[in-house]
Structure formats: C-alpha cells, structure tokens
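Good morning, everyone. Please have a look at the model on the screen, and then I will walk you through some of its side-chain contacts.

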Amino acid sequence: MYQYNDDDQTLVNERVAQFRRQTEQFLKGEITDDQFRALRLRNGLYIQTHAPMLRIAVPYGLLSSRQLRKIAHIARTYDKNYCHLTTRQNIQFNWPKLEQVPDILGELASVQMHAIQTSGNCMRNTTSDHLAGVCVDEIEDPRPYCEIIRQWTTLHPEFDYLPRKFKIAVSGALHDRAATQFHDIGLHLVKNDAGEIGFRVLVGGGLGRTPVIGQVIKPYLEKKYLLSYLEAILRIYNLFGRRDNKYKARIKILVKESGLEKFAALVEQEWLLTKDSQILSNERIEALKMQFVAPAYEIDAAQNSSYAQQQQANLAFALWVKHNTVDHKVSGYRAVFLSLKAPDVPPGDMTDTQLDTVADLADQYSFGEVRSTHRQNLIFADVKQADLFPLWQQLDAIKLATPNIGTVTDMICCPGLDFCSLANAGSIGIAKEINEALDDIDYLHDIGDVKINMSGCMNGCAHQSVGHIGILGVDKKGTEWYQLTLGGSSENEAAIGERLGPAVAKNEVTHAITTILDVYVKQRLDDESFLDMVKRVGIEPFKEQVYASH
C-alpha cells in the first residue's frame, strides 16, 4: 500500500497543528461557532445529536495492521471502545470530546492517517473496488490512479470551496463493485479497439434526495490526460454549479438542468485550453504502481489438500467459505470477507478488541493489510486456502464470521436517529428486528443475493435508493415511518429503486420485509434472482401483499 513521503507527512503534521490552534481559539471564545464550523468540517468533525462525530479518511479502503491498531487505541482512549465503518470506506468515531480531537488527529498522523476533506463542500475521499489487485475480472489495478487522484484533490486551492461536496470512484474490473455510476465522477479502466487501457468517464451520478445514474461524458480518455480532464470537469462545475440552494448544488443537478451534451461541450472547451498543461507521465504512473506491488505469494499454495477435507468435515466452515470468500487471481489463495453484520450488532460497528485481533490476524494471514468495503465490511485480500480453517475459527471467536455476505442480513445501515442530527428515523433498531426475524441461516442462503439498504434520512448515506430493497426513514408529525423501494442496484446494470407505496409505520417494517421476501420465494422461477424477478413481474405482486391488511 502507498507509503507517505516527507511532503505527505509534513502536510498532515502541519494540518494537525493548524487545527489544534483553531480549536483552542474556539474553546477560548476567540472565534465564533460559524467561523469554527467551516474549519472543523474540513477536518472531518461534525456536531451530532449527542457528541461530536469524527470521520477518518481511509483512501480507497486500504488499511495496514499498524493503522488498525491505532484505530483500536483511539477507540479505547478517546471514544467508547468502538468505531463505525461507512459506505465510503471511511471510519467514524461517534463520541470524541471536542478538546481532544486535535490529539486524535495527532495520533492518526503518526500512522499516516488523517481526517482532511472527509466533510465540507470539497473533494472527498476517493473510493474504489475492495477487491482491487486480486480479483479475477480485473483489467488493471485502479489503486495507483486512486492515489494519484488523492494527491491531486488534497487541499486543491482552486476547488477548496465547491458548490457542494464532490465524490470520485474508480473501478478497474469488469464488475463494478465501487458504485461508480452513483458518484459525481465515475472512472472505469477500459480497453480501446487497439487494446490500449484508458478511462471511460462518467459524470453527474449521485444519491441523496435526488438519486441520479451517472452518464458517460467521455467513452475513452488516455491515461496521460486523467488529471487535466478531471480538472476541466471540476472547473465547469465550480463556475456553474448552483450556490443558491444546497439541495440543487450537486453536479448531478447541473448536468441534468443543462443536459449532458451542453455540459460535455463546456468541459471539452475548457479542457482543450489546458489539456497539455498537466500531463500525467508514464514515469509517475509507474512510480505509483511500485507502491502496489503484489505480496510474496507462495507458488505451491494450491497443493494443500486439507482445505477440501476441512470443508467436507465441517459444514459450518464450508458455509462460511461459500459465502464469505471469493476467487483470487492467484491459485491457492482466496479473498476473505469479515462480516460486520452479526445479528446482535449495529451494522458496520467494531470494538477495540476486534480491531486489535483483526490487526494480528492480518499480520498472520494476509500480509498485514485490511480493506474496508462500501457495504460496511472488511476484507483480507490475500489468504492461503490452507489458512482458511484456522482463520475462520479465530474470526468466529470474535463474531466476525457470520456467513451472510450477500444475504439479506448483510445490510447497509446508517447510524440513524441514534446518533445523527440529520436523521428523521432510527435505523439500528430496525436492522436488529429484521435480523431477528431472519435468523434462519438456511432460509437466508436459499433466498440468495438480496441487498437491503436502510437510511434514516434523505441524505442517503446508506444508499437506500439503490438497494434491492431500500428502506428510508421519514418523519410524520413527530413519528417514525419508513418508505420502501424495490429493484435498485449500484452495480453494472445500475437502477434506482421504485417506491412500493405509502410509508409504513415503524412497527410494520419488519413484517413488510418478510412479506416481500415471501412473495419472492413463492413466485420466482427456478434460480431467478430477486432483481430479475422484480424486473419480470414489477412491484405489484409485492405491493398487494404488503398492503393487503391496510
């Protein structure tokens, strides 16, 4: 993974010192709430319902075991012994004390981490495929380009105060696992007719209260023009993006209101003026690629026969292997998902003890590296098949081996009303109820791949608009209600879920979900997936049953 150079470290250290002075000024009353707000947001600090919330950047989801141990230490020392993983591959602390936040940032800087630009109207953390570099369907590893973009976006002087927040995602594989079509800019590594690799560029995607699928603005962009073309897009957005209404300030609204053709023409005109002023050289690309070289895989790792025998002898282990591991590009290895969706735990939460243990296991089994996913789980990307059984046993002991990846209980869920000051309704309690109602693991696996995404407000931090089943909390005269959508997807065939009908009361949500799943099981054709069935029959069969008693 990328290692800071002296410039990186100096920048982060100076940022910590700067924010320490600003925080001291605020606590002494020398600057106002409004003045401090812009300063704290640029350092990842929100004011939530009960306490400040600090969001830490995890660039394109990569963490070292050393960094994970530091997160565990911070959870113990400055918070309530846990952290929360987000859908942008970042980490959040929900209970830091304001006066201690500079100390936390100083601790993070000591392990090459920070909270810069994790909030505010700026370019946010670049995200990517959690299987980058190891997946079997990869065209090229996207991580070097993510790092190039990270360096370019950090404290970019021209785009320091955009009309609204701005998010970029990069995918290098045939299967989009990074939700690129729902980002302000999505980048796909692709091959042209000559077999050369470049980028397909999408623009204007986004979630929130106005979900929009991004559109292709440039089918093929040479690698050398990556930064100049991104800069042209940002410059047009910065010039013409609306600042009079924050709900209409995202680039998706600008693209929609102006039309893709006109927006693309503006970008092209701007780019032609500057395209040769910021060439991304082959030397720089190769230098960054050297930061992501493959680890020292064992060539004979595939020769161990105990792996198959252990699956035959232990059905629980075999079930975990089937659902929580995926193919690896190197024979004899698997990528392993650590499920943060145990039935009695808020989705995406990890304790300090779990963090420390995972760091130890990463050193032992996966070259000291851990990855976060946009579905709020972790991954060991490089595990030998021969090590899967002892790894499973140790993960099971710390409740990180629930065999539910890709099932209905592998839910994306925001903190909701329990923590977030923006939320209209709770999420964590509903997730617990649904888990309890669906605790028959055999039934879950029979259902197959059904993704439930639940948000406590329209901001859509949990991507409810693109869930196979989406749950959105809304407020009705001080009471919590929930709108349901069906048929969404953030993968290759991107789709925005269709609203099922009127919102349902809080005590009816779990019954509605089990009813939807029951309709699917009874009416599907053979091995038909949930999404394929929704496409085939529409939402009416589900609607009839969910609202039958209304």
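To begin, in what kind of contact do the side chains of aspartate 141 and arginine 143 meet? Before I answer, please keep in mind that this is a predicted model. The two side chains meet in a salt bridge, with 2.6 Å from N to O, and both aspartate 141 and arginine 143 are buried.

That pair is one of 35 salt bridges that a search of the whole structure finds. Arginine 334 and aspartate 327 also meet through their side chains in a salt bridge, at 2.5 Å from N to O. Here arginine 334 is buried, with a relative accessible area of 13%, whereas aspartate 327, at 47%, counts as partly exposed.

Another salt bridge is formed by aspartate 344 and lysine 399, whose closest N and O atoms are 2.8 Å apart. Aspartate 344 lies in the loop between strands E12 and E13, and lysine 399 in the loop between helix H13 and strand E16, so this pair ties together parts that are 55 residues apart in sequence. Aspartate 344 is partly exposed, with a relative accessible area of 49%, and lysine 399, at 41%, is also counted as partly exposed. There is a network as well, in which salt bridges that share partners join Glu140, Lys223, Glu286 and Lys289.

Let me turn to the rings. How many aromatic pairs does a search of the whole structure find? The search finds 16, and among them is the edge-to-face pair of tyrosine 297 and phenylalanine 367, with 5.9 Å from centre to centre and 90° between the planes. Tyrosine 297 lies in the loop between helices H9 and H10, and phenylalanine 367 in the loop between helix H12 and strand E14, so the pair ties together parts that are 70 residues apart in sequence. Tyrosine 297 is buried, at 18% relative accessible area, while phenylalanine 367 is partly exposed, at 41%.

A tilted pair is made by phenylalanine 317 and tryptophan 392, with ring centres 5.5 Å apart and planes at 50°. Since phenylalanine 317 lies in helix H11 and tryptophan 392 in helix H13, the pair ties together parts that are 75 residues apart in sequence.

How values were computed: Residues are numbered from 1 along each chain as its sequence is written. This is a predicted model: local features need pLDDT of at least 70, side-chain atom pairs count only at pLDDT 80 or more; totals for chains, interfaces and linings use all residues. Side-chain values use heavy atoms; hydrogens and water are left out. Rings of Phe, Tyr and Trp (its six-membered ring) pair if their centres lie within 6.5 Å; planes under 30 degrees apart count as stacked, over 60 as edge-to-face and the rest as tilted. Helices (H or I, at least four residues) and strands (E, at least two) are DSSP runs, numbered from the N terminus. Buried means under 20% relative accessible area, exposed over 50%, partly exposed in between (1.4 Å probe, protein chains only). A salt bridge is a side-chain nitrogen of Lys or Arg within 4 Å of a carboxyl oxygen of Asp or Glu.
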